[in-house]
Amino acid sequence: MTITESTTHQQVVVKALGRRRRTTELGLLILAVLVICGTYALASLGKSASLPADIVPFLGVIVALPILAHLANRKFAPTSDPLFLPLAALLNGLGYVFIARLDGDLAGLQALWTAVGIFGYIATLILVRDVRFLQRYRYTFGLIGVLLLIMPLLPGIGRSINGSRIWVSLGPIGFQPGELAKIALAIFFAGYLVDRRELLGVATFRIGRINTPDPKYFAPILVAVGFSLIVMVFEKDLGSALLFFVLFIVMLWVATGRGSYLVVGVVLFSASSYAAWRMFSHVQTRVTIWINPWSDPSGKGFQVIQGAYALAWGGTTGTGPGLGIAGRIPADESDFIFAVIGEELGLLGATAVLCAFLLLAGSGLRVAQRSSDPFSSLLAVGLTTLIAFQAFIIIAGVIRLLPLTGVTLPFVSYGGSSLVANYILLALLIRISDQTARKIPEPLVAR
Amino acid sequence: MSEQLLTVLKLCLLALLYLFFLRVLRAVWTEVNPPRVAATPAPIAAGAVSTKKGGSSAKAKASTAKASTAKASKSAKSAMNRRKAPVVPTRLVLVEPAARAGAEYALGPELTLGRAAGCSIVLDEQYVSQVHSRIFVRDGSVFAEDLGSTNGTWVNGSRAVGQMPARLGDRIQVGNVVLEVR
């Protein structure tokens, strides 16, 4: 076999794989669109006993945008994993239906943000042709991430809404830069840890009787993490702080393969949560409501209690879309949308949402496992952790498994910044999976 | 619209939702166990490409070999090291290129590797720089450090940044030369 023959053979195999994956993706997308349209029709039947009048913008969002993203996949990432886009489209569409059912004005905005998100997705696919390109700018991304985190604290542009100072408003547009900061910092962690993972895995430095890795390899990342966590605590953004800390520990653990980092992480987490509980009154409030929401049922515990009632009222199959008691839970279209889904589609519908996140996380980890490039692999782990753990934090908060910390449910909740950031994140995962399937060899230079 | 009809429609919707997940699971299944026709020739083709590509053959072979065998042996051996009495690495054994395989070099406190005549280990190969890297022993641990070479120094398939530790059984790659720590 000559070089050309074998190369073309490989190309044929890759092409066949791409065709198979894109066909699967299209099939799943069509099914997802059917599910969403059905939910929408049923919701409007339940709410007003007539078929929806404003179906045109709705169809635009639900059908055109995912199909547009699918076409972009065909053009720019033909061999990427086929599961990400249909799952994201399903979550986004279901969320959209429930937002539309709760508040028509917000639905229009959410449609707009979904469009921006899809364009962000396509732009990321076009701009980032090779993920290793991001590795080169790891420190730039670290800096960008930290700057984005500080932005809401700046006077003039920073805004404080519902007690958390995580908003920036530039003219008429308000957004949460923290959502994008998470991605930038995940890129920084992946780039930095890939460089130093061997050094961080070997204990060459002695403090008393304990062997630890040399602090000079540790210091930069500890400074970045410590600084970010302090900023988030100042912004009273507890959910993001928790998410960020978990991201750091998981990436450190995966990069070095040392389970001891997990132990250190748990110890550090326990100590800092205890300290936060002692120091801040809003943390104490959250914990009190978590343990006993009925201590203040019409005040601070109202939201959590109404969420629990909604889930209980839903039963196994739910009241039916559009038939729940809407608008009763505060922040029902963002933080508590899971409770609304649980009420109107019941245990089965809520489980479906969990399944979707589970499958997204599984696909992300599969991409990470298959990638032969250590940076891409670690980045895929980080990005997957971001989506999966954010979903876990807010769902656990709604069902009182953890104290409630306000983060959005990725793709489902109302929220422009979150939606755009998650679509960009998805595009990076798609890019990694595409690259892994094609396996671009690195050239060796003769001298 | 009667209540029964709405209930029936709702159940249909939930069924459709789970049909979607069944299809997704089937897609996952085909991803994990790809159909034979497309999947079997892929590794052969990949191997053929890398071996036929003239100059890059040594590196490609070395990296695939490392990816599979060396990493497994590394973790197994390092686990063994931690439990049993530590065996101190004493020598470097040349693995690739095959023509010179088996050559042994004693590890010392300070070794330089490269094509230049002044190096402690002279490796006269096409992809090795004049002064390529240094390998040194400190407190019984071996470290490899790149000295600004063109093709880099690699420990078990990852590029050495700063002073990279190498354990017993690890493979250090200098250009197209692969040395195993014994």
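Predicted model: local features only at pLDDT ≥ 70, side-chain atom pairs only at ≥ 80, totals over all residues.
Let's start with one helix, α10 of chain A.

How far apart are the end C-alpha atoms of α10? They are 29 Å apart. The helix has 20 residues, 260-279, and at 1.5 Å a residue these should span 28 Å, so the two values agree.

Now, which residues of α10(A) are buried? They are A:Tyr261, A:Gly265 and A:Ala276. Look down the helix axis. The buried residues of α10(A) fall within an arc of 40°, so they line one face of the helix. On the other side, A:Val263, A:Val266, A:Val267 and A:Arg278 are exposed.

Here is the general rule. An α-helix has 3.6 residues a turn, so residues three or four places apart point the same way.

Next, the cores. The largest nonpolar core has 142 residues. Which members touch the most others? A:Tyr121, A:Phe189, A:Leu193 and B:Phe20 do. Helix α13 of chain A, residues 337-370, gives the largest share, 15 residues. Where does this core lie? Domain 1 (1-127 + 280-447) and domain 2 (133-260) of chain A both give residues to it, so it lies between them.

Zoom in on A:Tyr121. Leaving out residues up to four places away in sequence, A:Tyr121 touches A:Ala69, A:Asn73, A:Leu85, A:Tyr423, A:Leu426, A:Ala427 and A:Ile430.

There is also a second, separate core, of 21 residues. Among them are B:Leu92, B:Ile135, B:Ala160 and B:Leu179.

Terms used: Residues numbered from 1 in each chain as written. Chains lettered and ligands numbered in written order. Heavy atoms only, no water. Core = buried A, V, L, I, M, F, W, Y, C linked by side-chain atoms within 4.5 Å. Buried < 20%, exposed > 50% of the residue type's maximum accessible area, 1.4 Å probe, protein only. Helix = DSSP H or I, 4+ residues; strand = E, 2+ residues; numbered from the N terminus. Domains from an automatic or database assignment. Contact = heavy atoms within 4.5 Å. Expected span 1.5 Å × (residues − 1). Arc of directions from axis to C-beta.
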